[in-house]
Amino acid sequence: MRFYVPTDLRIETDVVSASAESLAALGRRCLVLTGAASAKKCGALQDLCGVLDDMQIEYRVYDRIRQNPTVDACTEAGMFARQMHAEFIVGIGGGSVLDAAKAAAVFAANPALDEQKLYAYAWDRTPLPIVCIGTTAGTGSEVTPVSVLTDANGRKRSIRDDRLYPALSLGDPRYLASLAPNFVRSCAVDAAAHCIESYFNRNAAPISRLFASRGAAMLASLLGKLDRLTDSERTQLYLASIYGGYAISVTGTAFPHAMGYFLTEEYGVPHGTACAVFLPAFLRHVETAAPADTAAFAVETRCGTQGWIDLLTSATPRCTVTLTDAQIAAFRQRFVRNSGIARTVGTFTDADAVRTLTEIFKEKGD
Ligand SMILES: [Fe+2]
């Protein structure tokens, strides 16, 4: 067992202002990555710019990171960082921006890097220090060494390396208040997927289980009321997402994440929703494959398998994708020797993946 998360994590109201000295310790110049609007809408960008001005840290804002960020966007952000001699990278946003900040930090430090070398981990130089300011509750990327990017072929592929752990991660629950309800749901079920897939994982260890079951227990009491959260419940939701992040930093995810990627790539289904639609099938699978762990999980989260399935089904935004037999057959190859599928406890093969797809997505009357 190994537990290594070298990230300075802080969660409190006004955390960005309170962390001015820590930001200044990282350097005199930084590149700030954001999406199109959310970092401004939630107030995080203004908070950060105020602190950077006060501390006389020079900065530029790169606001071209989109959902499911491409390697190209990260390459460009890395180039901007180099041009301004940035000494650290800040990402403000959800998983897409935080993951992009990690990759941009690699590109910034390694001018000759291309996509192939990125995925081959052929980086000579240590990435710039990374600061994550999380504005959603779901990804857990604030405390993981993982960056999931969309490659030149439109496929989601991750890099995982200890050098990608953020130096500093800041969470202010106020930033969650401006999120659209369906987005909150998709992020929350992503956090649930992290906890559940980590708990029932071949790499599970006592420490990852501790985070996974505690995060899941918190989510079990929050998933039914995501549309009317109080401030303190928002803090709990954020914390649960961080617990999920700690859990998967040890174990990685399992088949719901591995299978969810194609729904995002091919049909634009938001990441959390795309993974969570597979959770009922995953819970049914582990009920048979790991009955003792299933019983322990039910006790620890005070919710049994059917209770979890009901909670997740009502919390997950609707996914309207339908597939024909031919489409399902074409996806099969993706699930052969897939590492996420291999991490699932018990035996789950590409044939099981095809059966699962058929059960969930088969067009009626086809
Ligand atoms: Fe996820």
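**Exercise 1. Overall build**

What percentage of the 366 residues in the protein chain do buried residues make up? Then describe the dimensions and secondary structure of the chain.

Solution. The model is a predicted one.
- Step 1: Buried residues account for 51% of the 366 residues.
- Step 2: Along the principal axes, the C-alpha atoms fill a box of roughly 60 × 45 × 40 Å.
- Step 3: A compact globule with 366 residues would have a radius of gyration near 21 Å; the protein chain has 20 Å, so the two values agree.
- Step 4: The secondary structure consists of 18 helices and eight strands.
- Step 5: Among contacts with a separation of 6 or more, 80% are between residues 24 or more positions apart.

**Exercise 2. Two domains**

Into which domains is the protein chain divided? Work out how they meet.

Solution. 
- Step 1: The division gives domain 1 (8-175) and domain 2 (180-361).
- Step 2: The centres of domain 1 and domain 2, taken over C-alpha atoms, are separated by 26 Å.
- Step 3: At the meeting of the two, 20 residues of domain 1 are in contact with 23 residues of domain 2.
- Step 4: On the side of domain 1 that touches domain 2, six residues are nonpolar, eleven are polar and three are charged.

**Exercise 3. The largest nonpolar core**

Which residues touch the most other members of the largest nonpolar core? Locate this core relative to the domains.

Solution. In soluble globular proteins, nonpolar side chains tend to be buried together.
- Step 1: The core has 119 residues, and those touching the most other members are Leu33, Ile89, Ala104, Ala188 and Ala192.
- Step 2: Helix α6 (residues 95-109) contributes the most, namely eleven residues.
- Step 3: Because domain 1 (8-175) and domain 2 (180-361) both give residues to the core, it lies between them.
- Step 4: Take Ile89 as an example. Setting aside neighbours within four places in sequence, its contacts include Cys30, Leu31, Leu33, Ala81, Ala101 and Ala104. Ala105, Ala108, Leu128 and Ile130 are also in contact with Ile89.

**Exercise 4. Helix α9**

How many residues does helix α9 have?

Solution. 
- Step 1: Helix α9 (residues 206-222) has 17 residues.
- Step 2: From first C-alpha to last, α9 reaches 24 Å, close to the 24 Å expected at 1.5 Å a residue.
- Step 3: Buried residues in α9 include Ser208, Arg209, Phe211, Ala212, Ser213 and Gly215. Ala216, Met218, Leu219, Ala220 and Leu222 are buried too.
- Step 4: The cover over the buried residues of α9 includes α8 (181-199), α10 (231-251), α14 (291-301) and α15 (305-315).

Definitions and conventions: Residues numbered from 1 in each chain as written. Predicted model: local features only at pLDDT ≥ 70, side-chain atom pairs only at ≥ 80, totals over all residues. Core = buried A, V, L, I, M, F, W, Y, C linked by C-beta atoms within 7 Å. Buried ≥ 20, exposed ≤ 12 C-beta atoms within 10 Å, placed from the backbone. Helix = DSSP H or I, 4+ residues; strand = E, 2+ residues; numbered from the N terminus. Domains from an automatic or database assignment. Contact = placed C-beta atoms within 7 Å. Nonpolar A, V, L, I, M, F, W, Y, C, P; charged D, E, K, R; others polar. Expected span 1.5 Å × (residues − 1). Rg over C-alpha atoms; globule rule 2.2 N^0.38 Å.
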